[in-house]
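Please keep the viewer open as you read.

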Amino acid sequence: MDQLIVALDVDTAAEARALADALRGAVGAFKIGSRLFTSHGPNIVEQLVARGDRVFLDLKFHDIPNTVAGAVAAATRLGVWMVNVHAAGGTAMMRAAIDAARDEATRRSTRPPLVIAVTMLTSLGESNLAEVGFAGSMNQGVERLARLAHTAGLDGVVASPQEIALIRRSCGQPFTIVTPGIRAADEDRGDQTRTMSAAEALSEGATYLVVGRPIIAAPDPRKAAERIAAATGTQPAS
Ligand code: C5P
């Protein structure tokens, strides 16, 4: 299933490689986040890219524009398929990120990675917003930051399942919406509170689904990925 991104939330490169080997062909991409990247750096990214995998580098850059541009250019040199930044870094930072991806890709005659933005971390609740200086509700904050990302020319955003419809309404198509928090109705939610099934998230307008533990902690990760694909009525990845 091309729209399924598997979060490789493991501690060792060996575990990440084993999961990728087990899942290759059944899913669309692998997400490498700060946990694995901090342990193993760019090597594991390069290894997966060399095997032909699409890699979403989920490091949520948030810094001054020049620094973020340098980081996104470096991610482009690694050959990642998607990379992300925090929308709260502002328009200049997001423009610097997308420009860096395109310029570096042009220099190397490759395709630029998709550059998407995190709006509000889903770990924040309404009660935390005032604490960090956000006025208004969570939905208002998400909508404002998604529009900002759209206007800055980014390719899309990461959004919780509950925010997909709102963002799709305000930002239209084509705009990539990547959605974690995917759980079947009868499945253990772990620390995810506001979840949706894969089929529901796609019908709300999600472009890609990020799934971690329901696949990587399953006794047979490939079967778990195939079950999710079957539940949405989509084909295995090509
Ligand atoms: O194991 P699970 O399916 O909950 O994993 C979801 C993945 O998506 C994790 O890598 C998590 O860090 C990431 N994520 C999230 N919520 C966000 C952004 C990213 O769960 N808002």
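Contact here means heavy atoms within 4.5 Å, and helices (H or I, at least four residues) and strands (E, at least two) are DSSP runs, numbered from the N terminus. The residues in this contact of H7 with H8 comprise 5 nonpolar, 3 polar and 2 charged; Ala, Val, Leu, Ile, Met, Phe, Trp, Tyr, Cys and Pro count as nonpolar, Asp, Glu, Lys and Arg as charged, and the others, Gly among them, as polar.

Before going further, a word on what you are looking at: this is a predicted model, in which local features need pLDDT of at least 70 and side-chain atom pairs count only at pLDDT 80 or more, while totals for chains, interfaces and linings use all residues. Residues are numbered from 1 along each chain as its sequence is written, and side-chain values use heavy atoms, with hydrogens and water left out.

How do the two helices sit against each other? The axes of H7 (residues 138-151) and H8 (residues 164-171) come within 10 Å and cross at roughly 40 degrees. That angle makes H7 oblique to H8. For reference, angles under 35 degrees count as roughly parallel, over 145 as roughly antiparallel, 65 to 115 as roughly perpendicular and the rest as oblique. The axes are lines fitted to C-alpha atoms, for helices over the stretch in contact, and the angles run from 0 to 180 degrees between N-to-C directions.

How many of its residues are buried? The count is 6 of 8, so H8 is mostly covered, where buried means under 20% relative accessible area, exposed over 50% and partly exposed in between (1.4 Å probe, protein chains only). The buried residues of H8 are Ile164, Leu166, Ile167, Arg168, Ser170 and Cys171. Among the elements that cover them are H7, strand E6 (156-158), E7 and helix H9 (198-204).

H8 is followed by Gly172, which has a positive phi near 65 degrees. A cis peptide bond then joins Gln173 and Pro174, with omega about -5 degrees. Pro174 itself lies in the loop between H8 and strand E7 (176-179).

Positive phi values turn up in non-glycine residues as well. Lys60, in strand E3 (residues 55-61), has a phi near 45 degrees. With 29% relative accessibility, Lys60 counts as partly exposed. Ser109 has a phi near 55 degrees and is found in the loop between helix H5 (91-108) and strand E5 (114-118). Ser109 is exposed, at a relative accessible area of 68%.

Next, turn to H1, which has two helix partners to visit. H1 (residues 13-23) packs against H3 (residues 42-50) at an angle of about 20 degrees, with their axes 11 Å apart. That makes H1 roughly parallel to H3, and H1 passes H3 in a right-handed crossing. On the H1 side, Ala13, Ala16, Arg17 and Ala20 meet Ile44, Gln47 and Leu48 in H3. By class, the contact of H1 with H3 holds 5 nonpolar residues, 1 polar and 1 charged.

The other partner is H11 (residues 221-232), which packs with H1 at an angle of about 50 degrees, the axes being 8 Å apart. That makes H1 oblique to H11, and the crossing of H1 with H11 is again right-handed. Here Leu19, Ala22 and Leu23 in H1 meet Pro221, Arg222 and Ala225 in H11. The contact of H1 with H11 divides into 5 nonpolar, no polar and 1 charged.

Finally, step back to the whole chain. Its secondary structure comes to 11 helices and 8 strands. The C-alpha trace spans about 45 × 40 × 30 Å along its principal axes. A compact globule with 238 residues would have a radius of gyration near 18 Å, and the 17 Å of this chain agrees; the radius is taken over C-alpha atoms, and the globule rule is 2.2 Å times the number of residues to the power 0.38. Of the 238 residues, 50% count as buried. Among contacts with a separation of 6 or more, residues 24 or more positions apart account for 68%.

How values were computed. Left-handed = near helix turned anticlockwise from the far one by under 90°.
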